[in-house]
Amino acid sequence: MTKPRLGHPSEIPDPGLQSERTYLAWQRTGLSFAAVGVFLVHESGHVGHPKHLEQLSHLAVVLPGILGLATGALIMLRGLLRYRQAATAALTGADGMSAPTAVAALAAVATLVAVGGFLILLAGAF
């Protein structure tokens, strides 16, 4: 099976470049998650004073940051895969794609990272 090719520049399958903008949005979101993850891992080092180790184990303090870093990497990978699917769909004339499960999962992980980060910052304040 050969991949469809464009014959002329006027035959642009995606004239508004929607898939490129969506890909960039996924990248920004992934980088944001990774940046928050790095911040939380960094802040978890400041929470590791002896009085805080009694309240929280070290893994529980670092876990939201690691979750943010891993989620950032997965979001960027998902964005790349979605972009490739969208480009193929645009060339073949297939229907659009939606990802309600990915959006729901992203919202759930964002909530977990936010709550974990809040707890880290709260624990560091005492």
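Eight residues make up the largest nonpolar core, namely Trp-26, Phe-33, Leu-40, Val-61, Ile-75, Val-109, Val-113 and Ile-120; such a core is a set of buried Ala, Val, Leu, Ile, Met, Phe, Trp, Tyr and Cys residues joined through side-chain atoms within 4.5 Å. Two or more residues of this core come from each of helix H1 (18–46), helix H3 (58–92) and helix H4 (100–125), where helices are DSSP runs of H or I with at least four residues, numbered from the N terminus. This is a predicted model, in which local features need pLDDT of at least 70 and side-chain atom pairs count only at pLDDT 80 or more, while totals for chains, interfaces and linings use all residues. Residues are numbered from 1 along each chain as its sequence is written, and side-chain values use heavy atoms, with hydrogens and water left out.

Phe-33, which lies in helix H1, counts as buried because its relative accessible area is 12%, buried meaning under 20% with a 1.4 Å probe and protein chains only. Not counting residues up to four places away in sequence, Phe-33 touches Gly-68, Leu-69, Thr-71, Gly-72, Ile-75, Leu-106, Val-109, Ala-110 and Val-113, a contact being heavy atoms within 4.5 Å. The C-alpha atoms of Phe-33 and Leu-69 are separated by 6.4 Å, although these residues are 36 residues apart along the chain.

Thr-71 lies in helix H3 and is buried because its relative accessibility is 10%. With residues up to four places away in sequence left aside, Thr-71 touches Phe-33 and Val-109, while its side chain reaches the backbone oxygen of Leu-67 at 2.6 Å.

Key. Buried < 20%, exposed > 50% of the residue type's maximum accessible area, 1.4 Å probe, protein only. Polar contact = N/O pair within 3.5 Å; in protein donor to acceptor, adjacent residues only side chain to side chain.
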